[in-house]
Amino acid sequence: MNSLFATERLKALLGFPFRDPKAGQKFLIGSLLIFAQFIIPILPGIIVMGYLSQVLRRVTRGSGEASMPEWDNWGELFMDGLRVFGAIFVYSLPMILIVSVLYFLMFAPLAAVPFLAEGNSDMAGLAIVLVLIAQLFMFLMIAVMMVVYIVYIILLPPMQVHTAAKNEFGAAFQIGKWWKIFRANFSGFMIALIIIIGVYALLMIGVQILYMTLVLCFLIPFVTAPVTFYIGLITYALLGEVYRVGEEKAFPTEAVAEIAA
């Protein structure tokens, strides 16, 4: 990533949503969908994810300029989002499995409580051993989860972006391709990841500040909805930028052909 991207280009990416003539209307629809997630789970988020995927493809194709599309083809938005959501879910299964095992190991020792309460020395001794073994495995699984989570956080963006850019569910499993793109612009993806984590951290700090007040805490859904939508826009635009650079480095011929198309 050169200084041009770190200054002028980054500034352009951060400000692109406000340059749209219909920015207010498009922001309102996106914010309402995010707000709707407090009432209706998953579905509004999938539609928003489809919209953000279209924003990303505007960066990875053609002139590479980020812009907001119209909210006009809801079926297409849903399918675009469903592909990315499905890919994320599949890649999240190892984390879900580890968390499930951890919950089991946390609550399994409770089965030994009746034996400890009965005072039977043999059964009580066995129960204590089982509790210690369960606790040992739980700490081991926590260590494994931390490693898997770090790998997950690093590898999720290139997989997710590749799926959105190609607009194919199967693209998520083209590991050789998106790994090559990721490796070709590793520093770009890492800088983008740091920026994204930093922005989300600021959002969480803002939410915590609102939680500390009795009056303003009621504003959390109304404030976080448009802010979350804006963060999603710049996140996908930024990831689209680093993906485009990585693809041009990894597959120069294919990238030029796709951009020209």
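1. The model is a predicted one, in which local features need pLDDT of at least 70 and side-chain atom pairs count only at pLDDT 80 or more, while totals for chains, interfaces and linings use all residues. Residues are numbered from 1 along each chain as its sequence is written, and side-chain values use heavy atoms, with hydrogens and water left out.

2. On the overall architecture, the protein has ten helices and zero strands, so that the order along the sequence reads α-α-α-α-α-α-α-α-α-α; helices (H or I, at least four residues) and strands (E, at least two) are DSSP runs numbered from the N terminus. Of its 261 residues, 40% count as buried. Among contacts with a separation of 6 or more, 75% come from residues 24 or more positions apart, contact meaning heavy atoms within 4.5 Å.

3. The packing of helix H3 (residues 43-60) on helix H4 (residues 74-107) deserves a look: the angle is about 95° and the axes are 7 Å apart, which makes H3 roughly perpendicular to H4. Here the axes are lines fitted to C-alpha atoms, for helices over the stretch in contact, and angles run from 0 to 180 degrees between N-to-C directions; those under 35 degrees count as roughly parallel, over 145 as roughly antiparallel, 65 to 115 as roughly perpendicular and the rest as oblique. On the H3 side the contact includes Leu43, Ile46, Ile47 and Tyr51, and on the H4 side Trp74, Leu77, Phe78 and Phe85 are among the residues met. The residues of this contact divide into twelve nonpolar, four polar and three charged, with Ala, Val, Leu, Ile, Met, Phe, Trp, Tyr, Cys and Pro taken as nonpolar, Asp, Glu, Lys and Arg as charged, and the others, Gly among them, as polar.

4. The largest nonpolar core holds 49 residues, of which Tyr51, Phe229 and Leu233 touch the most other members; such a core is a set of buried Ala, Val, Leu, Ile, Met, Phe, Trp, Tyr and Cys residues joined through side-chain atoms within 4.5 Å. The elements that give two or more residues to this core are helix H1 (3-15), H2, H3, H4, helix H6 (121-166), helix H7 (175-184), helix H8 (186-211) and helix H9 (220-250), and H9 gives the most, with ten residues. Apart from this core lies another, of six residues, among them Leu105, Ala134, Met138 and Met141.

5. Several residues share Phe229 as a partner. Leaving aside neighbours within four places in sequence, Tyr51 is in contact with Lys26, Met68, Pro69, Glu70, Trp71, Leu77, Phe229 and Leu233. Leu52, which is found in helix H3 and counts as buried at 7% relative accessibility, touches Phe229, Gly232, Leu233 and Tyr236, with residues up to four places away in sequence not counted. The C-alpha atoms of Leu52 and Leu77, 25 residues apart along the chain, are separated by 9.0 Å. Ser31, in helix H2 (residues 23-36), is buried with a relative accessible area of 10% and, on the basis of contacts beyond four places in sequence, touches Ala225, Pro226 and Phe229.

6. The aromatic residues include one cluster formed by Phe18, Phe27, Tyr51, Trp71, Trp74, Phe229 and Tyr230. The structure holds 14 aromatic pairs: rings of Phe, Tyr and Trp (its six-membered ring) pair if their centres lie within 6.5 Å, and planes under 30 degrees apart count as stacked, over 60 as edge-to-face and the rest as tilted. The rings of Tyr91 and Trp178 have their centres 6.5 Å apart and their planes at 70°, so this pair is edge-to-face. The pair links distant parts of the chain, with Tyr91 in helix H4 and Trp178 in helix H7, 87 residues apart. Trp178 is buried, at a relative accessible area of 4%. Phe169 and Phe173 also form an edge-to-face pair, 5.3 Å centre to centre with 75° between the planes; Phe169 is partly exposed at 36% relative accessibility, and Phe173 is partly exposed at 39%.

Terms used
Buried < 20%, exposed > 50% of the residue type's maximum accessible area, 1.4 Å probe, protein only.
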